[in-house]
Each structure stands twice: as structure tokens, then as C-alpha cells.
Amino acid sequence: MEGLIIHTVAINRQGELKHFEIPLSNNAKFITGLWYKVRLITDAESGVVTELKSRSPYQPEVIIGELSLSSNQREGVFYFGKIILDNANYGLLDYTGGVFRVNNYSHAKFPQSLKVKVDADTAIVHGYIHDNWGVISGRNVRYEIDLYIYQQLKEKP
Amino acid sequence: MTPALAQEYIKRRMHELGFGDNYHIRLKHFIIRQGETRVEKAYNSFYILVEEPARLQIKSQNGFFELANTNANEMQYEHHGKITIRHTGGAIARVRFIQVIPYK
């Protein structure tokens, strides 16, 4: 049996650091997947950076923040990485594919949930988001990040 | 966090993590000069802050600690993994940690 928890974190200020806690279900056995979605609340035409211009056809991805997720028990930090805005150029002009396989979490937002297997022996998942979108835009940017935590639940006896 | 509270916290935290009483502790007193950034690699250990240092920013995968930061809603006393200690300006800063090294 699978369960899904959607937790929304709102960021309002430039460079804001927000800690949060996500309570897991009582009968959670494993955390099996992660995914996130970003929703901009500030008007996108009022100076908020939504793409980075470059001379080459390749446009670097917009990193809007840093995300850390950790379990309080033995697993510790199980996800630490950048939150990346949708990148239309995902995979373009990337010559490393033959040698270094492209990972969803290294170049762009993951198109589907990132598979993980974390023992859910913890009551809560603790995490933080450190804003970078406001920093590169030079102003306060209001946005919400929906964090999707997929969990495998224990079957009822 | 006072040293006494830190010791009690460490004892309970190590039990919570499943290490029981199997850990060593070391005292760490860092002196950070103006403009200095120090990186501590604590992938197999935990650093517990036993004071609230001024003029320093401490960052790790677990979170941040910076008294001057008005943009944060919480500070972390427990740090793990790559820990970056950055001087944020002013006189020489000092910070004390208890390093906890668990073993099996």
C-alpha cells in the first residue's frame, strides 16, 4: 500500500532560510519517492528571473534554492540538492552522456519522482529550504514549493 | 546550548541513532580570523554547538547557525557532513563544539 504526503513551504523573502517538519504516517514503512513542484506567486514580469540568457544555445538552469531533507533516526540526511526551475534545454549540447550518464537530479528538475528507499522509523522528516531565487532576482520573490513524499505503508494485520 | 545540556543531548541522540554508548567525544575550539572560511569534514562524526558564536556563519547539510541572520526561522545546533564555518566580519571569532564520533 502506498501513501502520499504533500507538504507546501512558502518562501517570501530574499535569501530566506526556512526550516520545516513533515509528519509521516504512523504506519509508514519506507519513504520510497520524492518530487517537488514550484509555484511562483509574485508576478513573473516584475523582474523575477525565470531564465538565464547566454550566448550559446545552451541556457544554464535557474537554481532557485537549496533543499535538505533528513530523518531523525539513523538515515540522517537523505536528500541534499538544488531546487531547479524547469529547464527547456535539458540534455541540449551535453556531450557527457556517453561517459557520464545524465541524472535527472543533476541537470534539471526531476521529471518524475526520484526513487529513494529510506527507513521510515522516524516520526517526522526535517528539512530546510534556502532561497536563491530572490538573491539572483535582487528582490523578494514569493513562491511556494510543494514537496511530495511517497511512502510505503505497512499492511494492516 | 550549555555544555551540560549538550552532554545529555548527545547521550540521548546516540541512543536514538542506534549507536548506544559506542561513541567518543572530542572538544573542538576553533579560532576564525577575519575573512576566513574553514571547512570541516564530518561525514563520520557529529558536531554539537555548545555556545552561540557571534560573527560566524555555520552551514552544513543539517542546517544553518548565524545569529545575525534575520531571514531564518530556525537555527541548528547539530551539524554533520561538510561543515562550513565562515567569518562574517569584525574581530576574531571563536566557536566551541563537541565532536561526537560513533563507532560500531
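This is a predicted model: local features need pLDDT of at least 70, side-chain atom pairs count only at pLDDT 80 or more; totals for chains, interfaces and linings use all residues.
A pocket, as I use the word today, is an open set of grid points with protein on both sides within 12 Å along at least five of seven lines.

Let's start with the interface. Chain B puts 18 residues in contact with 17 residues of chain A. The area buried between chain B and chain A is about 1,500 Å². Carbon and sulfur atoms give 45% of that area.

Between chain B and chain A the count is 7 residue pairs in polar contact, both partners at pLDDT 80 or more. Three elements of chain B each give two or more residues to the side that touches chain A. Those are α1 (3–16), β3 (56–60) and β4 (63–65). By class, that side of chain B has 4 nonpolar, 9 polar and 5 charged residues.

How many salt bridges link the two chains? The count is 1. K59(B) and E66(A) meet there through their side chains, at 3.5 Å, N to O.

Step back to the whole structure. Over all chains, the search finds 10 salt bridges. One to look at sits inside chain A: the side chains of R39(A) and E144(A), 2.7 Å from N to O. R39(A) lies in strand β3 of chain A and E144(A) in strand β8 of chain A, so this pair ties together parts that are 105 residues apart in sequence.

About 50 Å³ of space lies in the largest cavity. Its lining has 10 residues, and L34(A), W35(A), L67(A), L69(A) and L147(A) are the closest to its centre. Strands β3 (28–40), β4 (63–71) and β8 (143–153) of chain A each give two or more residues to that lining. What is the lining made of, by class? It is 10 nonpolar residues, with no polar and no charged ones.

On to the pockets. The largest pocket has a volume of about 580 Å³. It is lined by 30 residues. Nearest its centre are N72(A), R13(B), F46(B), N62(B) and E78(B). The elements giving two or more residues to this lining are β4 of chain A, plus α1, β2 (37–49) and β5 (78–87) of chain B. The largest share, 4 residues, comes from β2(B). By class, the lining divides into 12 nonpolar, 10 polar and 8 charged residues.

Last, the second largest pocket. About 180 Å³ of space lies in it. Strands β3 and β5 of chain B each give two or more residues here. The classes are 1 nonpolar, 4 polar and 3 charged.

Terms used
Residues are numbered from 1 along each chain as its sequence is written. Chains are lettered from A and ligands numbered from 1 in the order in which they are written. Side-chain values use heavy atoms; hydrogens and water are left out. Contact means heavy atoms within 4.5 Å. Buried area is the accessible area (1.4 Å probe) that two parts lose on being put together, summed over both. A salt bridge is a side-chain nitrogen of Lys or Arg within 4 Å of a carboxyl oxygen of Asp or Glu. A polar contact is a pair of N or O atoms within 3.5 Å; within protein, one must be able to donate a hydrogen and the other to accept it, and residues adjacent in sequence count only if both atoms are side-chain atoms. Ala, Val, Leu, Ile, Met, Phe, Trp, Tyr, Cys and Pro count as nonpolar, Asp, Glu, Lys and Arg as charged, and the others, Gly among them, as polar. On a 1 Å grid over the protein atoms alone, a cavity is a set of points where a 1.4 Å probe fits but cannot get out, and a pocket is an open set with protein on both sides within 12 Å along at least five of seven lines; lining residues have an atom within 4 Å of a point. Grid points are joined across faces, edges and corners, and a volume is the space filled by probe spheres set on the points.
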